[in-house]
Amino acid sequence: MTALLTLGGREETLPPEARGWIALHDDGTASGSYGCTPFHTKAEVTATSLTLGEAVTPLPSPSLSPAAPEGGPGPCHPDDVAGTPALADFEKKVKRVFSGEVTLSAGRPNGDTKLHVKNQKGDGLTLAQARREDFFKTRWQLDDATFYDSHGAPFAAGDQMYFDFHENGEVSGKLGCNDFTAKATFAGIHVFFHDPVLTTQRTCDTRVMTEEASVLATLKKSLNYSYWAETGSSLSLQDDLAFPANEHGFTFSALPRR
């Protein structure tokens with residue numbers, strides 16, 4: 001995720017709709033978004049340098065799309081760039097940073113993994129890692145629901161409400177009383193869910209069952225969530241409306257997977 005853009009020693013403002021990111025792949029390519037416009041290029045990577053090369057066949061889009069956001073425009077799309085000067089200008093500046101061979105350096109301020117990218121003119125990007133390395137080996141206990149920067153009461157089910165994400169796109173876990181399964185599609189810094197269903201028919205405490213029904217109903221909306229699973233032992237999901245003050249979500253804490 002693009003956290004900070006610096007050109008000529010001056011920090012640039014990230015447009016609120018922009019969702020810049022990059023992923024480096026084992027096949028010698030890089031994919032990502034300059035803000036709204038996706039890219040997939042050849043990439044030469046060493047421990048301290050990166051060079052993006054010629055474009056290659058675009059990666060396929062997710063076969064299923066999230067539901068349209070409610071209450072906001074959501075993140076921008078490539079078609080938005082031409083008619084939005086601020087987005088077009090931002091993408092131009094990001095491309096400028098990635099021109100030619102750039103240097104890479106990493107650090108962990110405040111527990112976050114940050115990647116600093118700098119071109120030969122001194123222009124730079126600071127990117128924050130969105131997903132920790134052991135993400136798919138961790139059990140994620142669902143702690144509470146959020147609205148903007150406030151948290152609701154802790155879920156009554158405690159460690160009986162959790163998600164296990166799997167690298168094949170499946171999700172399994174428990175929502176309090178009952179086990180569930182779903183599918184999750186990751187796309188850059190976003191994730192959305194499909195086909196959540198309870199796989200057992202147990203009953204339990206009324207409050208736990210009410211919370212279970214609420215979480216299941218939310219997952220069935222297939223919302224487009226931005227996610228963050230890097231700092232400490234937490235995972236956050238927020239529906240991405242591009243209006244943070246209106247966004248709902250969930251927070252999770254990491255548990256050893258049994």
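This is a predicted model: local features need pLDDT of at least 70, side-chain atom pairs count only at pLDDT 80 or more; totals for chains, interfaces and linings use all residues.
**Disulfide C177–C204**

I started with the link of C177 and C204, which is left-handed, with -65° about the S-S bond. Their sulfur atoms sit 1.6 Å apart, and I count a disulfide when two cysteine sulfur atoms are within 2.5 Å. Residues are numbered from 1 along each chain as its sequence is written, and side-chain values use heavy atoms, with hydrogens and water left out.

(Helices, H or I of at least four residues, and strands, E of at least two, are DSSP runs numbered from the N terminus.)

Buried or exposed? I checked C177. C177 is buried, at a relative accessible area of 3%, while C204 is partly exposed at 33%. My cut-offs: buried is under 20% relative accessible area, exposed is over 50%, and partly exposed is in between, with a 1.4 Å probe and protein chains only.

**Disulfide C36–C76**

How many disulfides does the structure hold? I found 2. C36 and C76 form one of them, with sulfur atoms 1.8 Å apart. This link is left-handed as well, with -95° about the S-S bond. C36 lies in the loop between β4 (29-33) and β5 (38-45), and C76 in the loop between β6 (49-55) and α1 (78-81), so parts 40 residues apart in sequence get tied together. Both C36 and C76 are buried. I numbered the bonded cysteines in sequence order and got the pairing 1-2, 3-4.

**Salt bridges**

I then turned to charged pairs. The structure holds 9 salt bridges, each a side-chain nitrogen of Lys or Arg within 4 Å of a carboxyl oxygen of Asp or Glu.

R96 pairs with D123, their closest N and O atoms 2.8 Å apart. That one links distant parts of the chain: R96 is in helix α2 (residues 85-97), and D123 is in the loop between β8 (114-118) and β9 (124-128), 27 residues apart. R96 is partly exposed at 39%, whereas D123 is buried at 1%.

D134 and R132 meet at 2.5 Å, N to O. Here D134 is partly exposed at 31% and R132 is buried at 14%.

E211 and R207 have their closest N and O atoms 3.3 Å apart. They are 4 residues apart in helix α3, so about one helical turn separates them. E211 is buried at 11%, and R207 is partly exposed at 45%. I also noted that salt bridges with shared partners join E12, D89 and K93 into one network.

**Second largest pocket**

Last, I looked at the second largest pocket, with about 360 Å³ of space. Its lining has 22 residues, with T218, K221, L223, D239 and H248 nearest the centre. Which element gives the largest share of this lining? It is α3, with 4 residues. β10 (138-147), α3 and β18 (248-256) each supply at least two.

For the record, a pocket is an open set of points on a 1 Å grid over the protein atoms alone, where a 1.4 Å probe fits and protein lies on both sides within 12 Å along at least five of seven lines; lining residues have an atom within 4 Å of a point. The volume is the space filled by probe spheres set on the points.
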